[in-house]
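Have the viewer open as you read.

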Amino acid sequence: MAKVKFSSKAGLIAATVGSAVGLGNIWRFPAETQANGGGAFLLIYIICMLLLGIPVMLAEFSLGRGTQSDAEGAFKKLKPDTKWNIVGILAITASYLILTFYMVVAGWTFEYMVQSINGNLFAGIENLNKMDASFHNKMEEFICSDISPLISTYVLIAINFFILLAGVQKGIERMSNWMMPVLFFLLLIFAGVSLSLPDSVQGLEYFFKPDFSRITPQIVVNALGQSFFSLSLGMGILITYSSYYPKKTKLTHTALTVSLLDLLVAVLMGIIIFPAVMSFGLEGSQLRGTTLVFVTLPEIFAQMPASQMWAILFFLLLLIAALTSTISVAEVTVAWLQNTFKQTRLKACCIVLFPLFILSALNSLSFGSLSFIKIAGLNIFDLLDTVSTNIMLPMVAMLTCIFIGWFVSPEFLNNQITNKGTTAQRIYPTIAFIIKFIAPVLLLLVLVSAFLDL
């Protein structure tokens, strides 16, 4: 039976962008930007994405499209009698660990959208001076209780199941074709609103004007890690999705398009967040994770006309990002089960998603009745986040570059990404050099930094 492919170039781009544009850009990027010096971090982030992210993305694209296999099978096909397939297994393991807590965040997003629709999000919020405490209490009620967030997580597991069960073309591609335009449309609306706020210029200056005195080796390492995370490198996603690419797909053009669109989303989120934060006097807030999305932004919406409408639209935007994230991460293991164990898509989807009713529950309850469980001072959710995203992903990306650069014939990469007389052929030596020498060293630095932070 012929391997299923994306049915159109637009669908291919939408699905791949959807796999990269997700919670990492909308949830994590603004927090990392604020914590690492604003414009200085943005500058280093852009350099890392364009000069390092794209070459590593091309390495993963080449593995997937060139072998027409899953995250483990790609390594097996190129080096069948070696242990290099362990890198693929690490990628699959990391992606599944991420799925267990990403599904919980998706559930929180759904819960907040419901609370925005029924008006409960802003109920009882009257005193502006006590607004921060009030929305922290709301977050405790909507996220840290046992029942509501768990039900919302289960709803998202069910939605993921039906989309994945529909397959690559009728599920993933069709979802991406309508979700990604909606996501960009909502981002542009919020960016326009944010730019119209009184002190938006101060926010834009903080975001776009780099203070070079703030640049440190640690900020460079953090920007590199964020650029790789936001492009979904090291998760097995890009290997899996590129195995669905038609043979005629221009990988260099696709990598550039996906990276630029991914960067556009990150920049739009900065334009949305920082002018609004400055305009409403919240610049002293620590914009981190749940606090940014579920406390700081509702505070901003509460001080705007039509608060409920803006909250509904924003959490719809975040829900779309969450769905594109969870779908792409889950597809890594679904594809692996289908290829390696010859499972039907129905069985593979059941094997991947049904355990999440327990595993995601453990992550969700780690903010509620299981909050007393700590490992190395972290609850279950934060532990999985730290191990998978900060350690396993850079490790997989580093080993992938070493594999492609040192253990696979140079002709393989050259044949995948170049066409005679094209720009891709002219820049191939530079791309190969980065994959072989530069990326492994810098990813090792990210990895060492992550271990030192434990």
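This is a predicted model: local features need pLDDT of at least 70, side-chain atom pairs count only at pLDDT 80 or more; totals for chains, interfaces and linings use all residues.

Residues are numbered from 1 along each chain as its sequence is written, and side-chain values use heavy atoms, with hydrogens and water left out.

The largest pocket has a volume of about 1,200 Å³. A pocket here is an open set of points on a 1 Å grid over the protein atoms alone, where a 1.4 Å probe fits, with protein on both sides within 12 Å along at least five of seven lines; lining residues have an atom within 4 Å of a point. The volume is the space filled by probe spheres set on the points, which are joined across faces, edges and corners. Its lining counts 43 residues, with Arg-28, Glu-32, Asp-385, Thr-389 and Asn-390 nearest the centre. Helix H17 gives the most, 12 residues; helices are DSSP runs of H or I, at least four residues, numbered from the N terminus.

Now look along H17 for Val-396. Val-396 counts as buried because its relative accessibility is 3%, and buried means under 20% relative accessible area (1.4 Å probe, protein chains only). Val-396 touches Val-87, Leu-90, Ala-91 and Gly-234, leaving aside residues up to four places away in sequence; contact means heavy atoms within 4.5 Å.

Finally, Thr-418 sits in the loop between helix H18 (410-417) and H19. Thr-418 is buried too, at 12% relative accessibility.

Terms used:
Helices (H or I, at least four residues) and strands (E, at least two) are DSSP runs, numbered from the N terminus. Buried means under 20% relative accessible area, exposed over 50%, partly exposed in between (1.4 Å probe, protein chains only).
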